Amino acid sequence: MNHLELDLTSAKNFISEVLDDLPQNCMFNKVLCGAGGTHIALTNDKPYVVLVPYIELIKSKLSQTNK
């Protein structure tokens with residue numbers, strides 16, 4: 001697996017202001033909560049594995065994306 005570091009400090013509010021898609025074939029640790037990384041994964045047409053600490057967070061995100 002390749003190592004890629006992105007400096008997202010230029011984003012004003014959301015990761016989507018810098019990236020159209022998340023990096024492929026990697027583990028992506030977005031670190032910052034509320035930056036839109038999970039939203040990109042859920043609304044994209046590619047399969048992702050999203051790890052979150054709470055079931056209620058999963059339910060909330062799925063309801064936001066109408067899936």
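Me: How many salt bridges does the count come to in this protein?

Reply: In this predicted model, the count comes to two salt bridges. One of them joins Lys46 and Asp21, whose closest N and O atoms are 2.7 Å apart, and in the other the side chains of Lys59 and Glu56 meet at 3.7 Å, N to O.

Me: Why is the pair of Lys46 and Asp21 called a salt bridge?

Reply: The rule asks for a side-chain nitrogen of Lys or Arg within 4 Å of a carboxyl oxygen of Asp or Glu. The closest N and O atoms of Lys46 and Asp21 are 2.7 Å apart, within 4 Å, and therefore the pair is called a salt bridge. As a general point, side chains of opposite charge can pair when their charged atoms come close.

Me: What makes Lys46 and Asp21 a link between distant parts of the chain?

Reply: The salt bridge of Lys46 and Asp21 joins two places that are 25 residues apart, since Lys46 is in the loop between helix 1 and helix 2 (55–65), while Asp21 is in the segment before helix 1.

Me: What makes the meeting of Asp21 and Asn44 a polar contact?

Reply: A polar contact needs a pair of N or O atoms within 3.5 Å, one able to donate a hydrogen and the other to accept it. The side chains of Asn44 and Asp21 are joined at 2.8 Å, which is within that cut-off, and the pair is counted as a polar contact. Asn44 has its place in the loop between helix 1 and helix 2, and because its relative accessibility is 15%, under 20%, Asn44 counts as buried. A polar atom of the Asn44 side chain also lies 3.0 Å from the backbone nitrogen of Lys46.

Me: Which residues does Asp21 touch, leaving aside residues up to four places away in sequence?

Reply: Asp21 touches Ile40, Asn44, Lys46 and Tyr48. Ile40, in turn, touches Ile15, Ser16, Leu19, Asp20, Asp21 and Leu22, again not counting residues up to four places away in sequence. Ile40 also belongs to the largest nonpolar core, which has six residues in all, the others being Ile15, Leu19, Leu22, Ala35 and Ala41.

Me: How many helices and strands does the protein have, and what part of its residues counts as buried?

Reply: The protein has two helices and zero strands, and 19% of its 67 residues count as buried. Its accessible surface comes to about 5,700 Å², of which 55% belongs to carbon and sulfur atoms.

Conventions: Residues numbered from 1 in each chain as written. Predicted model: local features only at pLDDT ≥ 70, side-chain atom pairs only at ≥ 80, totals over all residues. Heavy atoms only, no water. Core = buried A, V, L, I, M, F, W, Y, C linked by side-chain atoms within 4.5 Å. Buried < 20%, exposed > 50% of the residue type's maximum accessible area, 1.4 Å probe, protein only. Contact = heavy atoms within 4.5 Å. Helix = DSSP H or I, 4+ residues; strand = E, 2+ residues; numbered from the N terminus. Areas by Shrake-Rupley, 256 points an atom, 1.4 Å probe, with all protein chains shown as cover.
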